[in-house]
Protein chains: 2
Amino acid sequence: MSLTNATPVEVARAARIGSRKLAVLSTGDRNGALTAIHRALADGKDEVLAANAKDLEAANKAAAGGTLSQSLVKRLDLGKKGKYEDMLQGILDVRDLEDPINKTTARTLLDNDLTLSRITCPIGVLLIIFEARPEVIANISALAIKSGNAAILKGGKESYHSFAAIASIISRALTTSAVPADCLQLVATHDVIADLLKLDTYIDLCIPRGGNKLVRMVKDSTAIPVLGHADGICITYLRADYPAEKAVKVIVDAKVSYPAGCNALEQLLVDEAALTTNLPAVAEALLQKGVSLRCDPRSLEALKSKLDAHSAALLQPASDTDFDTEFLDLIIAIKTVSSVEEAITHINTHSSHHTDAILTTDSATAKSFLAAIDSSSVYWNTSTRMADGQRYGFGTEVGISTNKIHSRGPVGLEGLSIYKWVIIGDAQVSAEYGAGGKSWKHERLPIGDQDVARNAEERELLRKFRAEKGEANGAGWHEHGIGIRK
Amino acid sequence: MSLTNATPVEVARAARIGSRKLAVLSTGDRNGALTAIHRALADGKDEVLAANAKDLEAANKAAAGGTLSQSLVKRLDLGKKGKYEDMLQGILDVRDLEDPINKTTARTLLDNDLTLSRITCPIGVLLIIFEARPEVIANISALAIKSGNAAILKGGKESYHSFAAIASIISRALTTSAVPADCLQLVATHDVIADLLKLDTYIDLCIPRGGNKLVRMVKDSTAIPVLGHADGICITYLRADYPAEKAVKVIVDAKVSYPAGCNALEQLLVDEAALTTNLPAVAEALLQKGVSLRCDPRSLEALKSKLDAHSAALLQPASDTDFDTEFLDLIIAIKTVSSVEEAITHINTHSSHHTDAILTTDSATAKSFLAAIDSSSVYWNTSTRMADGQRYGFGTEVGISTNKIHSRGPVGLEGLSIYKWVIIGDAQVSAEYGAGGKSWKHERLPIGDQDVARNAEERELLRKFRAEKGEANGAGWHEHGIGIRK
């Protein structure tokens, strides 16, 4: 990695050239670079923390002056117990994940000696713009190298010294590896974001990590595809049949465990029958955690009659805008709906298509909800806070996407990969096929998985084995409708 | 389908609402709509051809006046032998493809009774802008319905009557099906493209099908993701070892079989050793087919000394711009390179990342080429004209993408699908995990494929069976490097 003062065009062109070398390195070469970075950052902990202290000092001054929030200062602090070690471990975790590139994901025999393969490959050059949180640089660098992508990183000014120290250590580590240093560049100059966002001939994908304002600015000002989410308006739909104890547990976690998270709950839809069954317990628990409840008229009336006077006095009426707001705070909007269809329509209209959930014991209702909700993550009987790359088993994530194409939900290594189509032939040509000529075979071929039956004989072997054990062959593993079995 | 004069916002909003209903229809309901459309268009052939005749009459007048090309007139003609029947058959072909949605493509056990699934689903609302070629409307409609997407279609004015007739027939057919009519809308009003391109809150993906100018205009004026390609600058790299006879066959097909196609060959890179082995035969064959050869100084000199005087006199010197031009005509630019590395660098710089090929018998050279070329399709020993959805076995295609994300190369049903993440749990919450709490299991589960070994016992069954037959279990199906076995 180089900490660079080069012009945006120089940076992007160098990254593009570096990316082509990185793309053809072996798994071992890429993993070796991550091992080197890990070791260098472990050895350089004191150097990084000294730089981080400078950022913290400036941030504390700004916070005292009221120009920076305390939560931002907290995010800056790399010295917090275990944070640096977590950052180091994250690099090794990414290194040890399965290589996402050079994987054959489909093979078709087009004709004799004419095979089509779909092979995963890196996207190319990533532009990653992030605010504060200096440990993100190590995270993102690891994901970029592992997936064979070059990355241009632009951090927030609050963590400048921390970024610079980490960048110079990573830079030294890369010189001992096969990865060209230009594949990771930290742009140090100010006010270059607008210029970088114009370079769509060199940059293939932009990932903004930060608040709503940053993401919207990026989306509105570039022809480069942008992966991420501007808002996290997550909604949970509570049905009357769901046990109050479980409802309390799930909803309190979703709202309270990290209210500033994009996967935090912002709205609760309540089936009218639930107003008198499980909603009162949920409302009471939320109030005890200090959450402000903004209620529509029906839920307000129901709760006022069910809660004690003290709690009832805390309830607030909801305004229309509350159902289009990301509070990022201990506030929740509550709305009564008469049917699952009304809940679905409300969520498809008002959620930010990030993560939405239903709480019910009824399988048919849950399945129609899971099928109809148009969001990147849809849950049945769990907390919206589950939406996270680490929790999904991706090791780590570059962000959470609410896009409708490419990658949806938490984005890990797979979201940083694409594929190319490869044909290997023996001088067959297009004009030989169709209209009285040769026919295409179009046979699906196995794709490098030893656990897949390769031919009719092996399929029959599995079928018989299962029949002898009384197991279903096909149907048990499929599901109709939403395609899920519990 | 409705042929609509509604405002762009009304069209897009209705499509969005319709898309949510379409997304939850069963495979049978969607296929049933395609059967109905097929029958209605078969019955309505006379009506469509009568409308088509009006378009043809106007087009012939315009062609006589010099304002429309003859090739465009030819593309308009639905009465051409077999064209209407091909269009009808295309609808059935798409109907009979595997359903791309509601497929579980990954499953992870996060914890006991807590399962994460990745399930394919439609993207939502497509905007498809196309020039001439009236049969495309049936094609695209079939692909949209099959993949559960609503589509707004805007055709060129030259085929207005044909489009209108097809649209009104499809509209009548849909009323007998489960698919809401608003899911397919043909916009008849003029000058609405700019307005439609602004509606990124309703429209999820735009697919322009037409010339370079249309595609660039669309890409430059919308925040909606655009799938497609502006240019098709395809390059083939000829090595000296490749038999002249095969080289002639492949290169003539790539250049001559359909020069106006985006997958037609525009440049030939020639290894310096090939100047005197196979290039002369290739050049001679191309000249005989009427192709103009624009040669760099080294290939010009070599060919002049090898070809007879008549042929040599036809050779032209290449200019620099010839190596960045999509000729779409019987013209080819020829350049000499000294190494595979030089060929790779030239292609990664000058091709449009559509389809590029190498012709060689040397496996190591071919594999390094396949790995290093950053194009959506990369071929070894075949013609660039193979890049086509029908040839790839996709049934048909909505276009060919040179994007770096989502879908690359010919785009069929899979490119019109995305996925959502579904978690089914039993009141587990995020705060229970990590930091002294419960651990994630993150076990990969089988994904609804009866041909996959489900457990250690079944894997052992396959392993033993293969051992008895003397077959390799794992390695034979993998490949290192580019991940391909011939």
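Start by colouring chain A by domain: the assignment, taken from an automatic or database source, gives domain 1 (2-220) and domain 2 (234-392). The C-alpha centres of these two domains of chain A lie 36 Å apart.

A word on what you're looking at: this is a predicted model, where local features need pLDDT of at least 70 and side-chain atom pairs count only at pLDDT 80 or more, while totals for chains, interfaces and linings use all residues. Residues are numbered from 1 along each chain as its sequence is written, chains are lettered from A in the order in which they are written, and side-chain values use heavy atoms, leaving out hydrogens and water.

Now colour chain A by pLDDT, the predictor's confidence in each residue, from 0 to 100. The mean is 91, and 95% of the chain A residues reach 70 or more. Select residues 475-486 of chain A: here the pLDDT falls below 50, yet beyond near neighbours in sequence the stretch has 28 contacts in the model (contact means heavy atoms within 4.5 Å). For the model as a whole, ipTM is 0.89 and pTM is 0.89.

Then find the open sheet of eleven strands, which has mixed pairing and runs β11(A)-β10(A)-β12(A)-β9(A)-β8(A)-β13(A)-β14(A)-β17(B)-β3(B)-β2(B)-β18(B). Strands here are DSSP E runs of at least two residues, helices H or I runs of at least four, numbered from the N terminus; two strands pair if DSSP finds at least two bridges between them. At the edges sit β11 (316-317) of chain A and β18 (443-445) of chain B, each pairing on one side only. Zoom in on β9(A) and β12(A), parallel over five bridges. There, A:V270 stands opposite A:T336 of β12(A).

Last stop: helix α14 (residues 340-350) of chain A. Which of its residues are buried (under 20% relative accessible area, 1.4 Å probe, protein chains only)? Select A:V340, A:A343, A:I344, A:H346, A:I347 and A:N348. Their cover includes β12 (331-337) of chain A and, from the other chain, α1 (8-23) of chain B.

Note on methods:
Buried means under 20% relative accessible area, exposed over 50%, partly exposed in between (1.4 Å probe, protein chains only).
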